[in-house]
Amino acid sequence: MALPATAHEIRPAYLQLDETAPAQFSVLWKVPAAGDRRLALYLRFPAECQTLGEPAGTIDGGAYFERWKMSCDGGLKGRSVTVDGLRTSMTDVLARISWTDGTTEVARLTPEHPALTLKGAQSILQVAWTYFVLGVEHILSGVDHLLFVLALMLLIRERWMLFKTITAFTLAHSITLVGATLGYFSLPQKPVEATIALSIAFVASELIKMKPGERRLSEAYPWVVAFSFGLLHGFGFAGALTEIGLPQKDVPLALLTFNLGVEAGQLMFVGFVLLLYAAVRTVTTIPLTKARVAGAYVIGTIAIGWFLERLAGFVTS
């Protein structure tokens, strides 16, 4: 179990600290894993902290989970927690700390900054910035969501239609992100992830079926496709935000800034693709139609691979 997993792992680790009584804490440590091999990331608490009982560790769903309780003489406020091994990895750590006074602290540790000093409370601006950055990072690391956006962009020929389509996708996944996170409705996460892969494959198939002089329904009204599947993708965003957790206070602010972060990351991706397309057009004479079809086959193949992998994951679980 202590063997290092792949050094190129980019999925984030997750630390949850719950103060159950003064100076008493419940710890959940979640680390990416591949098979029975976990990523070699280990928590280092202050010397005043003592583990109560034996930590319980399990591997489930591509992650290593470890839970234990500990006592820290004098508490943890003002003290630092370090993640050993993070400097040599490619992943981040999302940390969520809840205190007995009802306040919640959320932070992100990176290879450049592997230590966290616990403050006990966050200002409104700190909460907003933390969740905004988490939103940007989630969408930029969510290759399946970005691949769906790329497929939509290949489907669209007019810039005004591209604007409407991206807006429809944004509106749709914002609705389900907020609703699912607040508990108004929900769907099982694993089937959602499998269906998201299918949504990408669907758009790829529509790209392959495009013919000159003929406009399919998905090509004429891509915003309808974007809105319909955007509702589904919103459940995927909500699953990530639920795992990160929301602060006890400032829930609307955290939701808003996380969603704004997702949109900012999405717009960054769209801008990058448009710039890349403009650059490629200046150095190549490959017909756009052939490039679109080739891209569709690549996207569709990747999506079907994801679907089969995710289907096997929740069927056998």
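Two strands pair if DSSP finds at least two bridges between them. Helices (H or I, at least four residues) and strands (E, at least two) are DSSP runs, numbered from the N terminus. The model is predicted, so local features need pLDDT of at least 70 and side-chain atom pairs count only at pLDDT 80 or more, while totals for chains, interfaces and linings use all residues. Residues are numbered from 1 along each chain as its sequence is written, and side-chain values use heavy atoms, with hydrogens and water left out.

**Stop 1: strand β7**

Select residues 80-84, which form β7.

Select T82 and look for its bridge partner in β10, A115.

**Stop 2: A23**

Go to the loop between β1 (13-21) and β2 (24-34) and select A23. A23 is not a glycine, yet its phi is positive, about 70°. Is A23 buried or exposed? Buried means under 20% relative accessible area, exposed over 50%, and partly exposed in between (1.4 Å probe, protein chains only). A23 counts as buried because its relative accessibility is 19%.

**Stop 3: H233**

Select helix α6, residues 222-244, and pick out H233 in it. H233 counts as buried, at 0% relative accessibility.

Which residues is H233 in contact with, leaving aside its neighbours within four places in sequence? Contact means heavy atoms within 4.5 Å. Select H145, F148, F169, H173, I196 and S199 to show these contacts of H233.
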